[in-house]
Amino acid sequence: MSFFLHSCYQLIESIMRDPIMMGGGLVLLFILSGVLWYVIKQIRQLKSQLSESNHSILQTIDKLEQLDDELHEIRSGNQALGKKVKELIITINGLGAQQQKLAEQDPQSRFYQKGAKLIADGATLEDVMQECDLPRAEAELLFSLHHR
């Protein structure tokens, strides 16, 4: 280390003795100062750009976390909705079976169902009255409900 300091000291002494070398040294010092200033300016710009990039990355991460939360809520909602739809399908299927059982239990409703089928097949009022053993008023009511 002392050799380096000794060499620098000798260089400075020789520059101080020779005015041409002194002028060249000042020019070199001026050029190196300019280069140093430019490098520092570039470092500051890069530091600013890095800071902006970090801020942008943090915002993107926050947005991704929000979207992930929303997606989780949507998935949970879809699962609950699917479960509810399955329950409703089971309920509807059960209601159809119950309706059929009720229709079979009520002997009077069998006549009305048979009458509605006859009307759909094109039977006349008298045919419905005779086949279903219904009074004229009930047959007419059935006709007005099912004849279109």
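My entries below go through the core, a helix, the salt bridges and a surface patch.

I began with the model, which is a predicted one. I looked up the largest nonpolar core and found nine residues: Ile 119, Ala 123, Leu 125, Val 128, Cys 132, Leu 134, Ala 139, Leu 142 and Phe 143. Helices H4 (125-132) and H5 each give at least two residues to this core. I then checked Ala 123: setting aside neighbours within four places in sequence, it touches Leu 118, Val 128 and Phe 143.

**Helix H5.** Which residues of H5 (residues 136-146) are buried? I noted Ala 139, Leu 142 and Phe 143. They lie on the same side of H5 because they span an arc of only 100° around the axis. Ala 137, Leu 141 and Ser 144 are exposed on the other side of H5.

**Salt bridges.** My search of the whole structure gave five. Glu 131 pairs with Lys 114, with the closest N and O atoms 3.6 Å apart. Glu 131 is in helix H4 and Lys 114 in helix H3 (residues 107-120), so this pair ties together parts 17 residues apart in sequence. Lys 117 and Asp 121 form another at 3.7 Å, N to O; Lys 117 is exposed at 55% relative accessible area, and Asp 121 is exposed at 58%. I also found Glu 126, Arg 136 and Glu 140 linked in a network of salt bridges.

**Surface patch.** Last, I looked at a nonpolar surface patch of about 860 Å², whose members include Phe 30, Trp 37 and Tyr 38. Phe 30 sits in helix H2 (residues 19-105) and is exposed, with 66% relative accessible area.

Conventions:
Residues numbered from 1 in each chain as written. Predicted model: local features only at pLDDT ≥ 70, side-chain atom pairs only at ≥ 80, totals over all residues. Heavy atoms only, no water. Patch = residues over 30% accessible without salt bridge, like charges linked within 9 Å, V, L, I, M, F, W, Y side chains within 5 Å. Areas by Shrake-Rupley, 256 points an atom, 1.4 Å probe, with all protein chains shown as cover. Salt bridge = Lys/Arg side-chain N within 4 Å of Asp/Glu carboxyl O. Helix = DSSP H or I, 4+ residues; strand = E, 2+ residues; numbered from the N terminus. Buried < 20%, exposed > 50% of the residue type's maximum accessible area, 1.4 Å probe, protein only. Arc of directions from axis to C-beta. Core = buried A, V, L, I, M, F, W, Y, C linked by side-chain atoms within 4.5 Å. Contact = heavy atoms within 4.5 Å.
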